[in-house]
Amino acid sequence: MKTYGLIGKNISYSFSRSFFKKKFELESLNCEYNNFDIDIIDKFPSILKMDKKINGLNVTIPYKETIIPFLDKIDFEAQKIGAVNTIKIKNNKLIGYNTDHYGFTKSLIPYLNNNHNSALILGTGGASKAVNFALNKLKIRSQFVSRNPKSDGHLSYNCLTKDIIENNTIIINCTPIGTYPNIEDSPNIPYKHITQDHILFDLIYNPVKTKFLKKGLHAKAQTINGQRMLELQAEKSWEIWNK
């Protein structure tokens, strides 16, 4: 039996395990998928020592960046992004990939029109880096928004003016704000300036409609949650593990 799994912290809610379990059942595959919940990334090597049958892993919050030093090799795109969410294990070598950017791109493209040429990325973690990479490939300008901006060109939430919101018609929430059970929380942006020309994309999938997306719907904006992105990146991970 081949074993796959997810590395993360507090991941009992995870989409990946249920997705792959269903996939294995539907396709009659002799595989299993486990959650490897660790409180610090330094415990990662012990997982591999305990289970020698692991063929591939997904990586989620908060380890998409800190996992990198533990890998033997990193795919070119993952290296450019600076974050890994998929690990292939072959000949005892750990190879890192990023499928988040693929899932995000495929999810976003059907909603794009000529008005959508500039974006705000809320958050600066591993997922936001994949989103930024994807937007650059789509030739969509982007700026990061952070509570504590540490880089030139990053914006803080308290400087988001009417002009900035109106001129950035794609807004992507890459933070965990609004995830179950904290469903009444939402990123601190001036929603009153959101219009029907906007796309609000939330990488969160639980709940299906976050407070962030509900506020977008109230303004008649197009809204997208993270479900389709997750399905696409998971299928891409499966392709990488088995190619």
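Analyst: Happy to! A word on the basis first: this is a predicted model, in which local features need pLDDT of at least 70 and side-chain atom pairs count only at pLDDT 80 or more, while totals for chains, interfaces and linings use all residues. Residues are numbered from 1 along each chain as its sequence is written, and side-chain values use heavy atoms, with hydrogens and water left out.

Let us begin with the sheet as a whole. It is open and built from 6 strands in the order β2-β1-β3-β5-β6-β4, with mixed pairing. Helices (H or I, at least four residues) and strands (E, at least two) are DSSP runs, numbered from the N terminus, and two strands pair if DSSP finds at least two bridges between them. At the edges sit β2 (31-37) and β4 (73-74), each pairing on one side only.

Now to β1, residues 2-8. With β2 this strand runs parallel, joined by 7 bridges; there, Leu6 has Asn35 as its bridge partner, and Ile7 stands opposite Phe36. β1 also pairs with β3 in the parallel sense, over 5 bridges, and in β3 the residue opposite Ile7 is Val59. The strand is mostly covered, with 6 of its 7 residues buried (buried means under 20% relative accessible area, exposed over 50%, partly exposed in between, with a 1.4 Å probe and protein chains only).

From β1 the chain crosses through α1 to β2, a right-handed β-α-β crossover; that is, with the strands pointing away from the viewer, the path from the first strand over the helix to the second runs clockwise. Helix α1 (residues 15-26) packs on the sheet and touches β1, β2 and β3 (54-59), where contact means heavy atoms within 4.5 Å. Its direction makes about 170° with that of β2, using axes fitted as lines to C-alpha atoms, for helices over the stretch in contact, and angles from 0 to 180 degrees between N-to-C directions.

β11 pairs in the parallel sense with β10 (residues 170-173) over 4 bridges, and Asp202 is the bridge partner of Asn173. Strand β12 (residues 222-224) also runs parallel to β11, through 3 bridges, with Ile224 as the partner of Phe201. Here the chain passes from β11 through helix α7 (residues 211-218) to β12, in a crossover that is right-handed.
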